[in-house]
Amino acid sequence: MKKSLGLLMGLVLALSMLTGCNNISAAQAETDETSGARYVQNWGLWDALDYYNTGTFNKANWTNGGMFNCGWNPNNVYFQNGKMVIKLNNQWSHGKPYSSGEYRTNNTFSYGTFETNMIAAKGDGLVTSFFLYTGNPWDEIDVEILGKDTTKVQFNYYVDGVANNEKIIDLGFDASQGYHKYAIEYGNGYINWYVDGKWKWGVNNAGFNAPYGKKMPSHPMQIMVNLWPGTGVDSWLNHFNYWGEKYAYYDYIKYTPK
């Protein structure tokens, strides 16, 4: 009886220790998620976006708030005919009157070249994007097609949450009418943007298109794409009115490390 009791107590203690370890692990994972701590991938990435690759990407299921007038609904990101589609519709989501989608990598990536092949959505108040982002500290590098004029592209970057580095470039084509390649070359102290393999704009901390010594993004970042309608930013995007579903299309996402 004593032997059985001792064995039972041992099993209870072992189970308690195992459960405790699992709880610590879950709490740590939650802390890592909220703090933005993610694995830094130092090898290349090529995804043809033929299917939902959960080992590499995830679909957002929340809302950004602020100027974003939609919730991220995983059902609004889907794969069709060898392409990834992001759909914007008027379904309520996360307390917002519209639903759209955001697709992002699980890992972060340091210096290198990032590229996608995409078709933007046309319409006042819309933004179709391809960008790099890290939450804390907030570094970001953007390629944004504003739906109000899809013959132009806006480049931008943030350092410690501070932006005001926008540059609008004429594309020479309508980004909503066909696939075009958009690339970000992210290096130590510099950024270059390319469209269809041609250099379009660049900045560095040595004084090229930015003040000498200006701080540049320097942290590993996730790769992200999304489509969203703005609210309260009519001077930037024009006023958004819903006249039916809108779509952005992505053919692939690629990363080449330095």
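**Strand S13 and its sheet**

Me: How many of the 7 residues of strand S13 are buried?
Reply: Strand S13 spans residues 152-158, a strand being a DSSP run of E with at least two residues, numbered from the N terminus. Buried means under 20% relative accessible area, with exposed over 50% and partly exposed in between (1.4 Å probe, protein chains only). S13 is mostly covered, and its buried residues number 6.

Me: What kind of model is this?
Reply: Residues are numbered from 1 along each chain as its sequence is written, and side-chain values use heavy atoms, leaving out hydrogens and water. Local features need pLDDT of at least 70, side-chain atom pairs count only at pLDDT 80 or more, and totals for chains, interfaces and linings use all residues, since the model is predicted.

Me: Over how many bridges do S12 and S13 pair?
Reply: Two strands pair if DSSP finds at least two bridges between them. S12 and S13 form a hairpin with 5 residues between them, and Val143 has Phe155 in S13 as its bridge partner. Their pairing is antiparallel, and the bridges number 5.

Me: Which residue in S14 stands opposite Phe155?
Reply: S13 also pairs with S14 in the antiparallel sense, over 4 bridges. There, the residue facing Phe155 is Lys167.

Me: Which residue in S12 stands opposite Thr134?
Reply: Strand S11 (residues 126-134) pairs with strand S12 (residues 139-146) in the antiparallel sense over 8 bridges. Opposite Thr134 stands Asp139.

Me: Which are the edge strands of the sheet?
Reply: The open sheet has 7 strands in the order S3-S8-S18-S11-S12-S13-S14, with antiparallel pairing. Each edge strand pairs on one side only, and these are S3 and S14.
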